[in-house]
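Subject: Structure for your review

Dear colleague,

Please find the structure below, together with its sequence. I would be grateful if you could read the notes that follow with the model open.

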Amino acid sequence: MSQPNPALGSREAAIDQLSINTIRTLAIDAVQQANSGHPGAPMGLAPVVYQLWQKFLRYDPADPTWLNRDRFVLSAGHASMLLYATLHLAGVRAVNTKGEVTDGLAVPMEEIKRFRAAGARCRQ
């Protein structure tokens with residue numbers, strides 16, 4: 001019978017923490033760049049959202065139109081960057097006006113950099 005590898009658990013925990021910190025960093029940078037808003041909600045909720053997306057939600061980032069997917073609805077304006085960062089990092093694909101999934105990301109890094117700018121996809 002094989003024994004659990006404690007190094008593997010530590011590695012997984014380190015990846016989880018790096019992922020959470022990446023969500024936080026994207027939120028901080030975007031809010032700072034926009035010179036608008038507050039990163040408190042994304043920073044505080046990053047561990048919760050990360051666990052939801054990793055462990056509980058059923059979705060396929062390559063097929064965002066999958067009918068049986070779970071939906072994550074976030075209506076808090078101050079936490080909107082949390083959703084944008086999560087969609088970007090999860091690699092969720094964009095859907096064009098015909099409803100076809102494209103090769104591009106739904107929230108590319110260029111749009112995160114334009115957070116709250118006029119005409120940006122990530123306006124609020």
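The notes below describe what was found in this structure.

The model is predicted, so local features need pLDDT of at least 70 and side-chain atom pairs count only at pLDDT 80 or more, while totals for chains, interfaces and linings use all residues. Residues are numbered from 1 along each chain as its sequence is written, and side-chain values use heavy atoms, with hydrogens and water left out.

Overall architecture

The chain contains four helices and two strands; helices (H or I, at least four residues) and strands (E, at least two) are DSSP runs, numbered from the N terminus. Their order from the N terminus is α-α-α-β-β-α. The C-alpha trace spans about 60 × 35 × 25 Å along its principal axes. Of the 124 residues in the chain, 27% are buried. Here buried means under 20% relative accessible area, exposed means over 50%, and partly exposed lies in between (1.4 Å probe, protein chains only).

Helices α2 and α3

Helix α2 covers residues 40-56, and helix α3 covers residues 80-90. The axes of α2 and α3 come within 10 Å and cross at roughly 40 degrees. This makes α2 oblique to α3. Axes are lines fitted to C-alpha atoms, for helices over the stretch in contact, with angles running from 0 to 180 degrees between N-to-C directions. Angles under 35 degrees count as roughly parallel, over 145 as roughly antiparallel, 65 to 115 as roughly perpendicular, and the rest as oblique. The crossing of α2 past α3 is right-handed, a term used when the near helix is turned clockwise from the far one by less than a right angle.

Why is α3 described as largely enclosed by the rest of the structure? Nine of its eleven residues are buried, so the rest of the structure largely encloses α3. Among these buried residues are Met81, Leu83, Tyr84 and His88. Gly91 follows α3 and has a positive phi, near 75 degrees.

On α2, Leu45 is partly exposed, at 35% relative accessible area.

The salt bridge

How many salt bridges does a search of the whole structure find? The search finds one, where a salt bridge is a side-chain nitrogen of Lys or Arg within 4 Å of a carboxyl oxygen of Asp or Glu. It links Arg114 with Glu111, whose closest N and O atoms are 3.2 Å apart. Arg114 is partly exposed at 33% relative accessibility, whereas Glu111 is buried at 11% relative accessible area.

Positive phi values outside glycine

Asn35 is not a glycine, yet has a positive phi of about 55 degrees. Asn35 lies in the loop between α1 (6-34) and α2 and is exposed, at 70% relative accessibility. Arg116, also not a glycine, has a positive phi of about 65 degrees. Arg116 sits in the segment after α4 (109-113) and is partly exposed, with a relative accessible area of 25%.

With kind regards
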